[in-house]
Amino acid sequence: MTTTIESLGTFETSWCPGCGNHDIMKALRQAIVGLGLEAHKVAHVSGIGQAAKAPHYIRLNGFNGLHGRSLPPAQAIRLCNSELTVIAQSGDGCNYGEGGNHFLAAIRRNVDMTLLVHDNQIYGLTKGQASPTTGEGQVTKSQPGGVTSAPFNPVAVAVAMRCGFVARSFSGNVEHLQAMIEAAVRHRGFSLVDIFSPCVSFNKVNTFGWYRQRCREIDASHDPTDWNAAMRIADTFGDVLPIGVIYRNERPPLDERVSYIAKGPLGRQAVRHDVLRDIMASYM
């Protein structure tokens, strides 16, 4: 059945008016339709947080995981069924804080899936404490004297580790964001799209206008396979925020590098009773 914007559903959300999450979901819907994906062949996985409510608001196969734990089930789903397009979606706190170790492991593993991070530089569900990407010195409810830790730069870390696909976008530019999501899903391997997404309730510094003034599309002359050039762009953060495809390589995804990973849905694979008997016998 052909997937349409309407068939993906329109649900009443609990996000605040003006929250960037609304535009990210709009871009995701348009990207799924633009890619010609069939909804029943897409798995949508999240952790916990404002952004992680996303699977509740779109008609796809959904899985709501634990805080910081969207990536383990997302990778498992893809490895168990290579016919599924797997998209994980959660916030900067969930992915770079509680889930930071899983983020690094996923880059190394290179499972064929896409991670969309709603990066609003604050914890938007648990009432506005600093997240890993909050700027140093910023005053929050739980850091009244200002944040003392240096902010985490996820795209610089991802490029440094030679992540398969690294891009940045802005929820206020839906057309650009849709293009980044489509490029990420098409890439064979682990893809990161870090998305600037203003939190209108708790982040009064990194507002829609703040991002709008600073986000600049990366020059078309940039070669995303040039690691050194990608590192320079990834390290740029301040008066200018580069958005676009920062880095890309063609390292084969995990399921193409490891022979024992099932090809196709795991449920269709024949059970090797002789192998099971040998395994059980080894414990006797």
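# Reading the structure through its numbers

Analyst: Let's start with Asp226, a residue in the loop between strand S7 (215-217) and helix H8 (227-234). Keep in mind that this is a predicted model.

User: Why is Asp226 called partly exposed?

Analyst: Its relative accessibility is 32%. Buried means under 20% and exposed means over 50%. A value of 32% falls in between, so Asp226 counts as partly exposed.

User: How far is Asp226 from Asn249 in sequence and in space?

Analyst: They are 23 residues apart in sequence, and their C-alpha atoms are 9.1 Å apart in space.

User: Why is Cys215 called buried?

Analyst: Cys215 belongs to strand S7. Its relative accessible area is 12%, and the limit for buried is under 20%, so Cys215 is buried.

User: Which residues is Cys215 in contact with, beyond its neighbours within four places in sequence?

Analyst: The contacts are Phe170, Phe196, Leu241 and Ile243. To count as a contact, heavy atoms must be within 4.5 Å. For a sense of distance, Thr134 is 81 residues from Cys215 along the chain, and their C-alpha atoms are separated by 17 Å.

User: What makes Ser197 a buried residue?

Analyst: Ser197 has a relative accessible area of 0%. That is under the 20% limit, so the word buried applies. You will find Ser197 in the loop between S6 and helix H7 (208-214). Leaving aside neighbours within four places in sequence, its contacts include Gly20, Asn21, Ile24, His118 and Tyr211.

User: And what makes Gln89 buried?

Analyst: The relative accessible area of Gln89, in strand S3, is 0% as well. With the limit at under 20%, we conclude that Gln89 is buried. Not counting residues up to four places away in sequence, Gln89 touches several residues, among them Ile24, Met25, Leu28, His44, Leu116 and His118. Ala167 lies 78 residues away in sequence, with 15 Å between the two C-alpha atoms.

User: Helix H1 spans residues 21-34. How do you know that its length agrees with what a helix should have?

Analyst: H1 has 14 residues, and at 1.5 Å a residue they should span 20 Å. The expected span uses one less than the number of residues. The end C-alpha atoms are 20 Å apart, so the two values agree.

User: Which residues of H1 are buried, and what do they pack against?

Analyst: The buried ones are Asn21, Ile24, Met25, Ala27, Leu28, Arg29, Ala31 and Ile32. They pack against strands S1 (42-46), S3 (85-91), S4 (113-119) and S6 (190-196), and against helix H6 (174-186). Just after H1, Gly36 has a positive phi of about 70 degrees.

User: Why is Ile279 called partly exposed?

Analyst: Ile279, in helix H10 (residues 273-281), has a relative accessible area of 41%.

User: Now the whole protein. How do you know its radius of gyration agrees with a compact globule?

Analyst: With 284 residues, a compact globule would have a radius of gyration near 19 Å. The protein has 19 Å, so the value agrees. Along its principal axes the C-alpha trace spans about 65 × 45 × 40 Å. There are 10 helices and eight strands, and 52% of the residues count as buried.

User: How much of the contact count comes from residues 24 or more positions apart?

Analyst: Such pairs account for 71% of the contacts with a separation of 6 or more.

How values were computed:
Residues numbered from 1 in each chain as written. Predicted model: local features only at pLDDT ≥ 70, side-chain atom pairs only at ≥ 80, totals over all residues. Heavy atoms only, no water. Helix = DSSP H or I, 4+ residues; strand = E, 2+ residues; numbered from the N terminus. Buried < 20%, exposed > 50% of the residue type's maximum accessible area, 1.4 Å probe, protein only. Rg over C-alpha atoms; globule rule 2.2 N^0.38 Å.
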